[in-house]
Amino acid sequence: LAALVLGGAVLRLANLDAQTLGHIEVYVPGINLPAGISVPAPRVSFWDALTGPIREEVHPPTWYALMWVWTRAFGTTEFAMRLPSALLGIGSIVLVYVLGALERGRLVGLLAAGLFALNGQLIWWGHIAKPEAWTGFLGVLSTILLVLLARSAGRRDRLLIAYLAVTLLGLGSLYY
């Protein structure tokens, strides 16, 4: 598992800033775009990060609000904006292993983690500053919590609250 995570990390972190910023990524809040002539409009304030997605695109504002905090802390270089997607992609390798191991054992978990770590489409999304890696991470975590909830006996309040919170956070990040 460590080798798969390391390999997946190398693939996701290598050359994060090698390509120029694509139009799909200019929706990240904090980029100082020219007002009045850019699409999207600049999302420099937290309020703009919350309301911009409502006015200009199909995604709800959850991820954009979180990215506003991120870009305030780490800047808007290509590397800084893409790093959350890469890190969440790396974390998803571990989560996919956990899910596979929970359902069918360690070998299946390792196989699933390997397929996830080396999947070109998932590596590509780990290089793009958009909510897909975030929602994928939350989707796998939600599934793990649902499996644990279904298997638990006795008090399941905390698992249910965690499952609902993660699921709603994921849905509130990609779909209205």
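Is Leu 146 buried, partly exposed or exposed, and what is the relative accessible area of Leu 146? In this predicted model, local features need pLDDT of at least 70 and side-chain atom pairs count only at pLDDT 80 or more, while totals for chains, interfaces and linings use all residues. Residues are numbered from 1 along each chain as its sequence is written, and side-chain values use heavy atoms, with hydrogens and water left out.

Leu 146 has a relative accessible area of 40% and is therefore partly exposed, a class that falls between buried (under 20% relative accessible area) and exposed (over 50%), as computed with a 1.4 Å probe on protein chains only. The residue belongs to helix 7, which spans residues 132–151; helices are DSSP runs of H or I with at least four residues, numbered from the N terminus. Between Leu 146 and Gly 170 the C-alpha to C-alpha distance is 14 Å, at a separation of 24 residues in sequence.

Two salt bridges are counted under the criterion that a side-chain nitrogen of Lys or Arg lies within 4 Å of a carboxyl oxygen of Asp or Glu. In one of them, the side chains of Glu 25 and Arg 82 meet at an N to O distance of 2.8 Å. Because Glu 25 lies in the loop between helix 1 (2–13) and helix 2 (46–56), whereas Arg 82 lies in helix 4 (residues 78–104), this pair ties together parts that are 57 residues apart in sequence. Glu 25 and Arg 82 are both buried.

A salt bridge also joins Arg 151 to Glu 103, with 2.8 Å between the closest N and O atoms. This pair links distant parts of the chain, Arg 151 being in helix 7 and Glu 103 in helix 4, 48 residues apart. Arg 151 is partly exposed, with a relative accessible area of 46%, and Glu 103 is likewise partly exposed, at 34%.

How values were computed: Helix = DSSP H or I, 4+ residues; strand = E, 2+ residues; numbered from the N terminus.
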